Amino acid sequence: MSTSPSLIDYRTALTAPGARGPVIASLFGRLPIAMVGLALMLYVQRETGSFAAAGLVSAGELIGVACGSVAQGRVMDRVGPTVPLYVMSAVFAVFVTAAVAVIEMHAPVALMTALAFGVGISEPMVGPASRALWNGLLPPGPVRDAAYSYEAISLEVFFILGPGLAGLLVAMPWAGTGLVAGAACLVAGSVGFASTRAARRQRPTAAAGGSLLGAIASPGMRTVAVAALGFGVLIGFIEVGVPAAAVAAGQPAAGGLLLSLLSVSSVAVGLLYGVRPWPRPMHLRLPALLFGFALLITLLAVPSDLWGLCLALLVVGSLITPQSTAHSVAIEIAAPRGTATEAFGWVVTSVTLGSAVGQSVSGQLVELSGPPVAFLVASGLGVLLALVLWLRRRTLIPASSRSDVHLAGV
């Protein structure tokens, strides 16, 4: 079992030869990762006046991301990241332009959803490409683990900051500002990352086996995917329920800002958790973290005003980054050789599919019964998925350790 990374390991990883360019470019590419979908949702809600319609359109975009991330990851594992990122950046820009046009024309929701799917499936996957790059930049050990932890933490920071930016920009005179700004940042970061020397020099790693299912053929990867799916479902509920609570309180522009509060405790706890994770065994860590997150979400149903919701969000956010970090590190245990980019693509796919489910169901619930009911339903679903992870926990035990774990009765 590898030693947990220290804070010094983070610095060593980020200053490694060849790392600076990809790190900077990927920051721009990751910033809008949650901004595009939420900006699209808020844009549609402003134009249609319906959270249900906005939730469907946003779900279409997230399902597109889920489909595109695995496909792009598999191609990158075979040809490297440069050409796929160039191509998808161009296609993505076309779909965003078309989506803006149909929203401005108040086209049917079905057409908006179809184009939102196109936006999602063409979104350049700079996150999985960035994570896979560390295999060539750093040797196995705590420093590489620190790099993976950094990937998860930075991804989660932007997953939380993105909604705040989207909430601010949707309040601009033109509600589509957030969508266009996020898309432009994503294209710039993706093209910049693809143009770095490290990305251009990346070569495919020979894959073990030949399953058509790729990385997801591994039972351990399927367990990681379930963990990411459960995490995404809960995030999806929160991303609709919190803005809806802000609207109900008469402060619609506060929704995105409230979501950004999650990042305060998320980053602080995430850094400390990366140094001293608990439970330390990964097969116990994933169900424990999802179960704890599900229980904390019940706190969001309690407050009767936005100040109380602020405090609850700070508490709930404490278990966000630890989960995304655990998903990233678990890939090292679960993914077959030569499928690193695709494996992380499956994590992205699972999170975004879960978010799509969470957003669409939450959108219906908040209109029928209000945000508190949506939060309680989210908590119940999270507990059920944590139970599924517990039942599948042995798939994440390395073969060399299974006899010891069996003797311990875990």
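Mentor: Let us begin with the record: UniProt positions are given in the numbering used here, feature names are shortened, and annotations may be inferred rather than shown by experiment. This is a predicted model, in which local features need pLDDT of at least 70 and side-chain atom pairs count only at pLDDT 80 or more, while totals for chains, interfaces and linings use all residues. Residues are numbered from 1 along each chain as its sequence is written, and side-chain values use heavy atoms, with hydrogens and water left out.

Trainee: Which residues does the annotation "transmembrane region" cover?

Mentor: According to the unreviewed UniProt entry, it covers residues 21–44, 50–71, 83–103, 174–194, 224–247, 253–275, 282–300 and 373–391. In the model, residues 83–103 are 100% helix and 0% strand, with end C-alpha atoms 31 Å apart. Residues 21–44 are 83% helix and 0% strand, and their end C-alpha atoms lie 36 Å apart. Helices (H or I, at least four residues) and strands (E, at least two) are DSSP runs, numbered from the N terminus.

Trainee: Why does T196 count as buried?

Mentor: Buried means under 20% relative accessible area, exposed over 50%, and partly exposed in between (1.4 Å probe, protein chains only). T196 has 12% relative accessibility, and therefore counts as buried. T196 is placed in the loop between helix 9 (177–194) and helix 10 (197–201).

Trainee: What is T196 in contact with, leaving aside its neighbours within four places in sequence?

Mentor: Contact means heavy atoms within 4.5 Å; on that basis T196 is in contact with G21 and P22.

Trainee: What makes a set of residues a nonpolar core?

Mentor: The set must consist of buried Ala, Val, Leu, Ile, Met, Phe, Trp, Tyr and Cys residues joined through side-chain atoms within 4.5 Å. The largest nonpolar core here has 101 residues, and those with the most contacts inside it are I238, F293, I297 and L300. Helix 11 (residues 219–248) gives the most to this core, with 17 residues. Another core, of 14 residues, lies apart from it and includes V23, L138, A147 and V157.

Trainee: How many disulfides are there?

Mentor: A disulfide is a pair of cysteine sulfur atoms within 2.5 Å, and by this rule the count is zero.

Trainee: Why is C185 called buried?

Mentor: C185 has a relative accessible area of 15%, and so is buried. C310 is likewise buried, because its relative accessible area is 16%.
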